[in-house]
Amino acid sequence: QLQASGGGLVQAGGSLRLSCAASGRIYSMYKMGWFRQAPGKEREFVAAITWSGRSTNYADSVKGRFTISKDNAKNTVFLQMNSLKPGDTAVYHCAAGGAGLGRKYDFDYWGQGTLVTVSS
């Protein structure tokens, strides 16, 4: 119901664009977001966007480098990642939920992740 794609191996300073395709019922929820989990670390909030696309929220660690967007005609959310750093290496998951945008970890549905590896 949530399928992330677009991960891969990239050099530091490079870019990747992740996609998350959702079923209609899940996509219609209030917000969708991206999380990441690096080996040995806890899951970390990355970014979220409301259904309308008018409001977004970012982790401080990615502000100015990552951009979340969506295509409602395709039930797809994107994460454009620029100026990637080795510290961005992680499995990236997309999620959907009905809680307010400020509740960064309050999501109802989670998809399988896609691996992003940034080499130095």
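**View 1. Salt bridges across the whole structure.** Searching the entire structure turns up 5 salt bridges. A salt bridge here is a side-chain nitrogen of Lys or Arg within 4 Å of a carboxyl oxygen of Asp or Glu. Side chains of opposite charge can pair when their charged atoms come close. Keep in mind that this is a predicted model, in which local features need pLDDT of at least 70 and side-chain atom pairs count only at pLDDT 80 or more, while totals for chains, interfaces and linings use all residues. Residues are numbered from 1 along each chain as its sequence is written, and side-chain values use heavy atoms, with hydrogens and water left out.

**View 2. Arg 36 meets Asp 88.** These two side chains form a salt bridge, with 2.9 Å from N to O. The pair links distant parts of the chain, 52 residues apart: Arg 36 belongs to strand β4 (residues 31-37), and Asp 88 sits in the loop between β8 (76-81) and β9 (90-97). Strands (E, at least two residues) and helices (H or I, at least four) are DSSP runs, numbered from the N terminus. Both Arg 36 and Asp 88 are buried. Buried means under 20% relative accessible area, exposed means over 50%, and partly exposed lies in between (1.4 Å probe, protein chains only).

**View 3. Asp 88 also meets Arg 65.** Here the N to O distance in the salt bridge is 2.7 Å. Arg 65 lies in the loop between β6 (56-58) and β7 (66-71) and Asp 88 in the loop between β8 and β9, so this pair ties together parts that are 23 residues apart in sequence. Are Asp 88 and Arg 65 buried or exposed? Both are buried.

**View 4. A network of salt bridges.** Step back from the pairs and you can follow a linked set: Arg 36, Glu 44, Arg 65 and Asp 88 are joined in a network of salt bridges.

**View 5. Lys 63 and Asp 60.** This salt bridge has its closest N and O atoms 3.2 Å apart. Asp 60 is exposed, its relative accessible area being 65%.

**View 6. Asn 75, a residue with positive phi.** Asn 75 is not a glycine, yet its phi is positive, at about 50 degrees. Look for Asn 75 in the loop between β7 and β8. With a relative accessible area of 22%, Asn 75 counts as partly exposed.

**View 7. Ser 83, in the loop between β8 and β9.** What is the phi of Ser 83? The value is positive, about 50 degrees, although Ser 83 is not a glycine. Ser 83 is partly exposed, with a relative accessible area of 41%.
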